[in-house]
Amino acid sequence: MNAFLQELAKLTRRGKACWFTSVLFSSVLVFFGVFILVTQDKDANANVILEDAAFNTHAGSADVNIMTDGDFSTFLPTNSPTLSPSIEKIAYIYNADTHHPTVSASLEQTLAQVASQVSFQPSVQTDLPSEEPSEPPSQPTTMILPTTMSPTMSSISFPSAHPTHAPTSSSSPTASSNPTMTNMPTQTPLFPTHDEPNQSIPTFFNYNMSESSRYGPHSWNNVTVLNTTENYWYEFGFVVNECSKGAQSPIDVCTQPVRHCEEYHEFRAKKGDFTISSEVVEKQILPNKLRALMMRRAGEEPDPPHVDFAGIGYSSLDLLNIDIKIPAEHLICGKRYDGEMQYYFFHPVKQSLIVVSWLFEAKPGHLSNQHMQLLIDEFQKVYDNNDEFCKANMTATTATTIQNPSQGGKGAPLISTRALGSARNRHLKKEREPIWDPFHSDIQRTIHFWGYRGSLTEPPCTPDSVLWRIMDVPVPISQDQLFQMQNILFNNRDRDSCVFTSTHYKGSVARPISNSIRYYKCTRSDYVSDDERELCGDVGCQVPFGKDLDQYFEPIVHVTAPPSETPTALPSIIPTVV
């Protein structure tokens, strides 16, 4: 030590300053190194706590996984027919003051212990679901569940794969790494299938595909069809149940039609003078469809939308009603689209309906169809109105029960049936409401279609009563809009009884397809739009146009083979009935 001090004394003043500086700097580095090691050790201990708590709970309680990003979740087995029988992830936010009714006390205690040791903020995704026809969702989505008779609501998140977090060790010798799931709650479907009536109702039918159903499509031939105005089809003379007879709709159309196109020009539509929010258009949420019912023409007014169809021997037919079915009833080469909007017309001479069908396609990334949203908004108003009446009736019933406890004990809980559609879509800015055009370019993107003669797709299923036209370019809508329509149709309640009105089965009111019926397909080789014909002649322009010289859209599929039947020659003078 003395030798060190002697050597230090020999240094100049500047040398001594440099030496003390280096010593101080080395001490700081040592201090920070020790600090970092201590911090890493604490983080490692916290991770062990997280991993142990995620997979080591008492037998009979839920299997809890606490992600490092703060996502509190519980994994449950699933019996859902639409998802693989692996696991489903139910988002769960722990609240120390409010205990979840389906989580065991031991699980809540474990959550509280872990939450006290690790500081984090749980998060819940709020993305709306995506539904691609005939394809399972590829990304995890979270949706607010519709309420049933329970006053609570849950947030359900469906993962696309198994969780990546796996336990590395077990700190509790008494806990099982594979706890039993016998007491776990079952998943509530997004749109639950409602119970069939206990007592026999002759006029009731639904879309239940199970063999045990008394009212599903395989039993529709037993449905009693009323010969009164309560049967909507009574107006057209369809009063006999023929669901097991003749050529039935819907069908699957594709690329090889058997018959030739029967039209020689596009159907010429006039939008009339109806505004969609006016009383001349009655908006209805029916058990198996959304319907916009047009006021019937009396003389020249009112002037509903009307169409001049080619080759039917009548100058113009009024639009009677618009029905929306989810998902689509008709298939295109085996593919079922997200929805189908059907325009109904009636031919008084042929005593047949003419139905123009537009297929909805809700692909990820599709923007909101603003013209369609005007119609969806009107159905939303009906849904919200029913919801408010239901709540008011429930409130009145509860107040009466409280005032007269001897008549019912505790009051029934209020039921929340708030709409699940996107508020952004429901409140699109309307500068002024124009005449609503059913053939607006946001809807009609083609003048060509598949055609065939078939039946109604619900009782009385009258065969050979409908001239179907399935347009060959789908109507683009957003996934939010599809989800909004699903919620309106499947979660609607009767305004007086608060009973669910939908007769869907697992989110579908589509009748199963029947055996193929001979159909035809109209293409550009049969006719082009009137404006394009006037511009470039009968064969059309080299660069194709759509209706009104709008953009041309390619059809879903192209015809790959000529029809096998000989085309019927057109008369030199087309007969017209006025």
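**Exercise 1.** Which cysteine forms a disulfide with cysteine 243, and how far apart are their sulfur atoms?

*Solution.* The model is a predicted one. Step one: the partner of cysteine 243 is cysteine 461, with the sulfur atoms 2.0 Å apart. Step two: cysteine 243 sits in the loop between strand S5 (155-158) and strand S6 (252-253), whereas cysteine 461 sits in the loop between strand S17 (449-454) and S18; the pair, 218 residues apart, links distant parts of the chain. Step three: the torsion about their S-S bond is about 70°, so this disulfide is right-handed. Step four: both cysteine 243 and cysteine 461 are buried.

**Exercise 2.** Determine whether cysteine 536 and cysteine 541, which form a disulfide, are buried or partly exposed.

*Solution.* Step one: the sulfur atoms of cysteine 536 and cysteine 541 lie 1.9 Å apart. Step two: buried means under 20% relative accessible area. Step three: cysteine 536 has a relative accessible area of 34% and is therefore partly exposed. Step four: cysteine 541 has 12%, so cysteine 541 is buried.

**Exercise 3.** Describe the largest nonpolar core and the surroundings of phenylalanine 309.

*Solution.* Step one: the largest nonpolar core has 60 residues, and Phe309 and Trp358 are among those with the most contacts inside it. Step two: elements that give two or more residues to this core include strand S15 (339-347), strand S16 (352-361) and helix H4 (370-403). Step three: leaving aside neighbours within four places in sequence, phenylalanine 309 is in contact with residues including His265, Phe345, Val356 and Arg469.

Definitions and conventions:
Residues numbered from 1 in each chain as written. Predicted model: local features only at pLDDT ≥ 70, side-chain atom pairs only at ≥ 80, totals over all residues. Heavy atoms only, no water. Core = buried A, V, L, I, M, F, W, Y, C linked by side-chain atoms within 4.5 Å. Buried < 20%, exposed > 50% of the residue type's maximum accessible area, 1.4 Å probe, protein only. Helix = DSSP H or I, 4+ residues; strand = E, 2+ residues; numbered from the N terminus. Contact = heavy atoms within 4.5 Å. Disulfide = S-S within 2.5 Å.
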